[in-house]
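Could you walk me through how the pieces of this structure pack together?

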Amino acid sequence: MAVTEPRDSVIGIVGDGFGSLMVYATAVYLGFRPGQVTIFGPNESPIDTYQQSAYDLGQTVLRSESESHFLPADWPTFAELEAWSRKSLEPLTRSVSRKYNPPVRGVLTQATVVQRMLGWNENKMNTRVAWIQREAEPVPHFVLYDEDAKPIGRAKHVMLAMGHGPLSFPPVLANARSDPAMADRIVQAYQAKAYAPGGRYIVVGAGIAAVNEWVNALDAGASVISLLRSPEPDEQDLNAPRCLFEAYGIDAFAGLPFDERLAFLGKILKGTSPTRRGWAAKVGKGRAEGRFEHLMGEIDHVQSGIEGLQAHISRRDGTDLGSLDVSGIVAATGFQKSSLTIPILRRLVETYGIPVQAGRIVLETNCGIPGLDQPDSRLCVMGITANDVIPHGDTIAGLKYIARRFVADCVEAENLRQRPLFSRVRLQMSLARSASRAMAGLPRTEQLA
Ligand SMILES: Cc1cc2nc3c(=O)[nH]c(=O)nc-3n(C[C@H](O)[C@H](O)[C@H](O)COP(=O)(O)OP(=O)(O)OC[C@H]3O[C@@H](n4cnc5c(N)ncnc54)[C@H](O)[C@@H]3O)c2cc1C
């Protein structure tokens, strides 16, 4: 049974995705009682939001590696868990050479086991939060309000884990989508779509989502024109260099002035794409068959055409590349990165005068919201909003890192008597055992690396 009445919590989590499960599981693991934590959000499960995007994108394995998983402690890693479930050494041998990517269905199964066993749903209120307000008396805390301005609970510490802002489209495509004749033919990589065999599609962008769409379209028997504004990015397996996944790298990054952090992120997150044998082979085959080509330029005009759409393309230097008739356009251009596109953050910025630079809240190095975050009553963000401080903040590993730092601060602020080591190990092992049992029944997923 979900929480239906407002209640007082030590930790309130606004948002009900992956991040919420990380914070919740870490809190229970360290010794908070489940009833001391409340999660707010509209979904039935912490995997719902990600699962929908992964399905629309056709993602089958995670880009991240074995340490990205939902058990509160790191060990066993996901490769070890899968090896144990399947009685196979393959996940381990792949993991040793950093060529193991957890299958999406396995990771989602594991997350669901953690969700159920730790009582995530029983401590969740099925409500979106519209507003949070700082109160000082009788002790520093926050009051949370729903979209009808009704108070729905109070919490001493709050984690804002609301995920991404809206999907982002280049302005020309955003305009064209307002025309009903074209709207269905211009979609985002993270939206549902179907490729027609024999059709021709422009895929805008050069990141991982774009690579995925090349392959999806080629697999369906369609042709692909990959459109890039700038030369292809350096080869990079995840969205941030691996050194930044370690605490040392994060501290070095967090120590840079905000301007430098932003410039650095702009460079490394611009559009990284992995080279995977499976994908490269499919694209190579598509190219040999005349079904795949690269073009450097931008769409500056789009209208209805004989195949569905006609897109005019030019280069930044003004070179006119002419018009292309295509069946559809896929924008693999990600999400809007500005904190101000997330209503609750925008309201906090406007009400409390929180500093913003280039559309991003200038977070404290512990991901706290300046002016509202204090050691005895923390207000923190995680996920994409936190990647000015934690470059991989929007990955499973990054979410875990932020969740651990935040919960550790709550433990200290509350002077919590922590769960004894033996009890932690027992909890971790029972979660691992149940996850392994559930994963054993899943069909195998092809590894792509
Ligand atoms: C297609 C795709 C593939 C990815 N692949 C990988 C990968 O391979 N490896 C990896 O490590 N990471 C990957 N990621 C990144 C990352 O793991 C996810 O983005 C992760 O889901 C982020 O978690 P989150 O909790 O910040 O946001 P989400 O999981 O998006 O959850 C946010 C939730 O908050 C809710 N919410 C929003 N506003 C409010 C509000 N006002 N009140 C209450 N609730 C609210 C939303 O309904 C949503 O459910 C991928 C992401 C996507 C989209």
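Helices α5 and α14 cross in a right-handed way; a crossing counts as right-handed if the near helix is turned clockwise from the far one by less than a right angle, and left-handed if anticlockwise. Helices here are DSSP runs of H or I with at least four residues, strands are runs of E with at least two, and both are numbered from the N terminus. This is a predicted model, where local features need pLDDT of at least 70 and side-chain atom pairs count only at pLDDT 80 or more, while totals for chains, interfaces and linings use all residues. Residues are numbered from 1 along each chain as its sequence is written.

The axes of α5 (residues 104-118) and α14 (residues 421-440) come within 9 Å and cross at roughly 135 degrees. Axes are lines fitted to C-alpha atoms, for helices over the stretch in contact, and angles run from 0 to 180 degrees between N-to-C directions. The two helices α5 and α14 are therefore oblique to each other (under 35 degrees is roughly parallel, over 145 roughly antiparallel, 65 to 115 roughly perpendicular, and the rest oblique). Where do they meet? On the α5 side you'll find G106, T109 and V113, among others, and on the α14 side L431, S434 and A438 are among the partners; contact means C-beta atoms, placed from the backbone, within 7 Å. By class, this contact has seven nonpolar, four polar and no charged residues. Nonpolar covers Ala, Val, Leu, Ile, Met, Phe, Trp, Tyr, Cys and Pro, charged covers Asp, Glu, Lys and Arg, and the others, Gly among them, are polar.

Helix α14 also packs with α3 (residues 78-86), at about 60 degrees and with the axes 8 Å apart. That crossing is right-handed too, and α3 and α14 are therefore oblique to each other. Here L81, E82, W84, S85 and R86 of α3 meet A432, A435, S436, M439 and A440 of α14. This contact has six nonpolar, two polar and two charged residues.

Now for the sheet. Its five strands form an open sheet in the order β7-β14-β8-β9-β10, with parallel pairing (strands pair if DSSP finds at least two bridges between them). Strands β7 (186-188) and β10 (292-296) sit at the edges with a single partner each, so one side of each has no neighbour in the sheet.

Finally, look at the ligand. It is surrounded by 36 residues, and the closest are G15, G17, G19, G163 and G383; a residue is near if its C-beta atom, placed from the backbone, lies within 6 Å. Helix α2 gives the largest share of this shell, five residues.

How values were computed
Contact = placed C-beta atoms within 7 Å.
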